[in-house]
Amino acid sequence: MKASHSATNGLIRGSRLRAAAAALAWSSAGTVLAIGLALPAHAQQSNATLRGTITADGGVTEVTAVNVNTGFSRTVQPSADGSYQFASLPPGSYRLEVTTPNGVRRTDEFQLLVAQNAVLDFDLSTATVASAPGGEEVIVTGSRIRTMEGGEVGINITQRQIEQLPQNNRNFLAFAELAPGVQFQTDGQGNSSLRGGASPTASINVFIDGVSQKDNVLKNGVSGQDSTQGNPFPQLAIGEYRVISSNYKAEFDEVSSVAITAITKSGTNQFKGEGFVDFTNESLRDRIPDELGKAKVKTKDLQFGGALGGPIVKDLLHFFVSYEGKRRRLPVSITPGLDRPISLFPSQYQGFFGARNSEFNEDLFFGKISFSPTDSDLFEISGKWRDESGFNLGSGSTAAEAVSSNDVTERRAVVRWEHTADKWINDLKVSYEDVSWSPTPRQFANGIQLEYQGPNPSNAAQTQRGTLLTIGGGAGYQDKGQKGWTIQDDFTWTGFEGHTIKLGVKAKWINLNSLQLNFFNPRYYFNTAYNPGGGTFNDTIPYRVEFGAISGEGDPTVEADNFQLGLYIQDDWEITDRLTLNLGLRWDYEHNPTFLNFVHNKRRVDVVTGVAKNSSGNPIYPNLANANYNIRDYISTGTERKAFLGAFQPRVGFSYELTEDGRFAVFGGYGRSYDRNRFDFLQQEVSRGSYETVSFRFPGDPLNACAPISATCLPWNPVYLTQAGRDQLLAGLTAVGGGGEFRFIKNDLKAPYSDQFSVGVRGRFGVINAETGFQYTASRDGFVWLLGNRNPDGSFFLPDNPALPTDTPGSPFGAAPPGYGSIIIGENGAKTDTKSIYVKLGKAYSSSSPWGFDATYTYTDATENRDTSDSGAFSLDFPTAQDYPTVQAVGVPKHRFIIAGSADLPLGLTFSGKLLYQSPTQVRALVSSANPYRRTVVVADSFGNGDAWGKRQVDIALTKYVPLAFLTDDARIRFRVDVINLFNDRNYTSFVSNPSDPRYRERSGNSVGGNPPRTLKLTAGFSF
């Protein structure tokens, strides 16, 4: 039976309720429409595009795409040659309804993926036709849809993979490591991060429903992901996502390595829901190395949640809500530093070592309302609520009592309106965010750091320095975050044949805030090797104390009313049926008044410029007169600094199909991407002037000598262990200066950026998709902190110590301005280069072929001049960033292979698995060289198991589904067992990195970092 056009779409267009809703929507949104159309638009990173050519006798008059689950539909008028294009469709299951002079025909269902550029061509005169219920003709086309990925390098993570692949933390970003050059990392404290090549974790960005989740303050790229075991989003609410490791288009901003674009689930015309409980404890895991021969530490990992979605009004109004919770108690190893045996310590300290538990609690909520009042309009309102608490213990020498609790709160809301016309689409989003990260000491007490500084036990001719154990009150007391509004609008024009042109604008008004009270708990440093009384372990006379104090020069709470603006244009130009060019240009601007308008304190400026005089009339600090840098380049009076205007970012990609059927294609591209300088760095000029970390030294220890006696160098008195004694120290210090460190940032600071190049070949071999390619990423202008102290003659390295002829001269920390701490200067200087060759194979799961897999091998040659972690930002060993040699990048394996897949089995079973293998990564050491006034940075491979691999982990999962047909056709319960680290590979992470040590490259402890022991995780779930 042939249906008329109006009858086919009657449910969509015919009801009075929908007409009334449309009138209400238009009248209430008129002002918003005016704003949306008056501005150029920020293009969508999440929706799919669908295009193709339909051949039919008499031509095609109309093509309608209908989401089979929600009733959402869009209609376009094809060109005279039968070509059609939908520039923006939410990912999901669709069918096409093709109107010809002979009636309406429907295609069978097909799936559109997130950010997919899909092509569906068919010839109605030759198409395979089947009968649908009701007698309608259905054109079988599902196997013919294909993807045009352009110059991007990446991978799509489907709902099937998210649901089936084994994992132990329910962080949806964990599957991103299936993309070439991407690592999902978990450290010894359970904190997770994402990294692309050798670039820092702060350079990534995640877009959820097209809205950036960028953290402008802290280090891990995604808001709320700094130093936490938590997840950025409930996994139950993620529909699918795409990982792009190189050559994204111009609509992507605030990113210079890995971009991830994800979509959330929406309600459909059927009520659907699910719930789950995951559980494991110490009885379901193997022992960690520190537990061998001992009882296991009690642990618990409980994760639970649920989701519900459905219609409020069928085809018109839908809802979706989700909740997930975590309650974790995870074991870590506390071990002595410098690889010392526990027996070295007096008995009162030995109990601090061994296996301990870290604790973590999280609650994640998400909700969304979708409203489609007309065929041309879609409204969405969504929100996220996140709360976390707990504390992390690292596998290291810091005792459980000496850490801080990590509290995270995050609130986000998004209002979206998409309007579709015949030749254009406008997508307007208004979003709000409020994120807070606030670590607080677990106890308020004196902190004690026990160190060893003396002859190296392995080589008595050398001096060894390092921390053995830290106990007492933690040093971290912070509250940092961001809060504000974003308006972004994107406009897509398809009116020019062969061109899809996107114009975009995003404006962001966001308050960045930071409260950083370092060493709120005082910390006392003891050299246990210094024993003037003849003892063997000094823990009574410290050589230094460090604590924080408000200086009175300002408010330690630093805030910036930050404004950001981004503009771009993108043209996807189909030159021929085979050749497509992706041409884009982006420009970004940021105005940060905390940095741009900052005025340095005159008293401090006078000190470092030699203006301030002592009682003899001589400059207090003349050391910088002959320094290798000009301190005035770092001093701001409020007028020297200008916002960076040079963030122009060309992005060019291409793809060329080698065969008519599109089975094989070559692709490539080039793009520049600017990121932002983190507020956590910029705010330190202000906070260091208002809240000082002061340091006092006590003479006696020849390796930590201070002279002459002064306000910061004075004989030890036990009263200094009390608040009254510390007040005495401050009183003496205030009389001569203030004691705090100086922070100066270069006035012409630039934004960090990456240049990305790629070229490759894609092909289809039956059901297998294959791809191989080359990627090169050059990252420049990374932020570094340098030591600005200089010796009296302007030199950096201290003179050799005749008493220690083999000791390498150190950095001039002792040459700080009298009465103050060190001078620390910030500027651009960090750089990385990543070259990689990859091979990617995959097979999509389908109901007719119920198995699928993805496999990626990546060879990477990565170099850097500084470790891109936060510790690497402090580059205090050489006078300039250029003095650091370029060496192999730390933590980036040369060889990395990962394969993951799943298959349906008989008896309602599904099996899935993942294997990760990577070669040893590098660790860094700073050692002596032939020139006693220089040191050499070296890197060494670390052999994780002492065998051929640096890391190997095999995870598997088996799921049993039990239908509950007496409830509904879709109702079922599931029982699942995950085995994480099936072969119990230890994957040790601690190795001797000093080439002069006889144990060089040997394992130095039991630390396995974030690598879990063999663990069984049990899951029960219900869905309908």
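I shall discuss two regions of this model, which is predicted.

Let us begin with T659. This residue sits in a loop, with β35 (648–657) on one side and β36 (664–674) on the other. Is T659 buried, exposed or partly exposed? Its relative accessibility is 26%, so T659 counts as partly exposed, given that buried means under 20% and exposed means over 50%.

Which residues does T659 contact, once neighbours within four places in sequence are left aside? They are R578 and F664. R578 is 81 residues away from T659 along the chain, yet their C-alpha atoms are separated by 8.1 Å.

With the side chain of D661, the T659 side chain forms a polar contact at 2.7 Å. The T659 side chain also reaches the backbone nitrogen of R663, at 3.2 Å.

Strand β49 (residues 951–963) runs antiparallel to strand β50 (residues 972–980), and eight bridges join them. Within this pairing, V962 has I973 of β50 as its bridge partner. β50 in turn pairs with β51, again in the antiparallel sense, over nine bridges. Here R972 stands opposite S1023 in β51.

Strand β51 (residues 1015–1023) also holds F1022. With a relative accessible area of 32%, F1022 is partly exposed. F1022 belongs to a nonpolar surface patch, together with F271, L308, V321, F966, L967 and F1024. The accessible area of the patch is about 660 Å².

Thank you for your attention.

Terms used: Residues numbered from 1 in each chain as written. Predicted model: local features only at pLDDT ≥ 70, side-chain atom pairs only at ≥ 80, totals over all residues. Heavy atoms only, no water. Helix = DSSP H or I, 4+ residues; strand = E, 2+ residues; numbered from the N terminus. Buried < 20%, exposed > 50% of the residue type's maximum accessible area, 1.4 Å probe, protein only. Contact = heavy atoms within 4.5 Å. Polar contact = N/O pair within 3.5 Å; in protein donor to acceptor, adjacent residues only side chain to side chain. Patch = residues over 30% accessible without salt bridge, like charges linked within 9 Å, V, L, I, M, F, W, Y side chains within 5 Å. Areas by Shrake-Rupley, 256 points an atom, 1.4 Å probe, with all protein chains shown as cover. Salt bridge = Lys/Arg side-chain N within 4 Å of Asp/Glu carboxyl O. Pairing = 2+ DSSP bridges.
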